[in-house]
Amino acid sequence: IASNPMYIPDIDVGKLALVWIMAPHQLLALGLQGHTGTGKTELALYLADRLNLPIYIVKIHARMNPQDIEGSYVLDSENNQTITRKEYGPAAKAYRNGGILLMDEFDKASGELTSAMHLLVEGKPWPLEMFKETIMKHPQCFIIGTANTYGNGHDERYITSNQMDQAFLSRFMWLETQYPNVIQESKILEKFAPRLPRHLRNDIIKLANAFRDAALGPNRDGNIDDPIQCIFSTRVMIAWAYYIQTFGIFRTLKQSLDAVFLKSVSRDDAEIANDIVTKVFGDDIHKPLKNLLEKK
Ligand SMILES: Nc1ncnc2c1ncn2[C@@H]1O[C@H](COP(=O)(O)OP(=O)(O)O)[C@@H](O)[C@H]1O
Ligand SMILES: [Mg+2]
């Protein structure tokens, strides 16, 4: 699958992911942990694309059964007759045939699903319950999981994340994805919104970081009293820059920011969010883009 041409990987995390893939054995599966929109999924897609590996994506959710990843019998029709056919699940296909197996947001998995995945993430012979069949890991099958939390269970931001047992978590090598730094983000924005003036792109990045300071603290480690819950991710930043352009010169920045971000901010955070916007943009936020383009 072709990856996002606008994606610019973080050098350090990208290199370590390559080290993991290129090592003779994958003793541990690769766990990418980081806040929403820090590029976890994009990194896995990027690796698959650049290394020319097939990628099997499993979007984990709480009500998923082991059969959803292992496979099950399905009804099909052949010569006007109904037949049962074996259908391997995506994880089983990747395990047998090789490629990257991306278990996206696997901290959403139920205990039942996690147990079914133990042998899989370890690279051991993996029994598929439904078929009474055991499959072996292809030497070029690489298992990557992404998660917002380290499976601590209840998290005020990621309320659908589940507690995961230590035994499962210790089967992963963890890399932490961060929001790109200012220089990287300005490169990313330049790609996405080349027609916006530089001063506006810089203010967009400034706003993103002001929100992250208030949510995660100046060191982005969560060390802050009374954090706001909303997260101004790279995803939001790019979307805003993009929609400022598509909303056109007669609409205000506030209109597009409302649409991509502020409307989704909870009531508790709304007042602080508005203060942060005013602090960075002042009156400019209520001006149509046209006026800001004329500004030097
Ligand atoms: N390093 C990056 N370079 C370019 N775009 C990025 C980068 N990181 C994140 N993005 C943008 O943010 C979006 C969300 O990234 P994604 O990988 O889905 O986040 P996550 O899986 O961590 O929640 C991407 O679609 C992309 O537009
Ligand atoms: Mg993701």
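Trainee: How far does a polar side-chain atom of R235 lie from an oxygen atom of ligand 1?
Mentor: A polar contact is a pair of N or O atoms within 3.5 Å. Here, the distance for R235 is 3.1 Å. Oxygen atoms of ligand 1 also lie 2.8 Å from a side-chain N or O of T41 and 2.7 Å from one of E42. This is a predicted model, where local features need pLDDT of at least 70, side-chain atom pairs count only at pLDDT 80 or more, and totals for chains, interfaces and linings use all residues. Side-chain values use heavy atoms, leaving out hydrogens and water.

Trainee: How many residues surround ligand 1?
Mentor: A residue is near a molecule if one of its heavy atoms lies within 4 Å of it. By that rule 15 residues surround ligand 1, and the closest are I8, G37, K40, T41 and E42.

Trainee: Which domains does the shell around ligand 1 draw on?
Mentor: Domain bounds come from an automatic or database domain assignment. At least three shell residues come from each of domain 1 (11-176) and domain 2 (182-294).

Methods. Residues numbered from 1 in each chain as written. Chains lettered and ligands numbered in written order. Polar contact = N/O pair within 3.5 Å; in protein donor to acceptor, adjacent residues only side chain to side chain.
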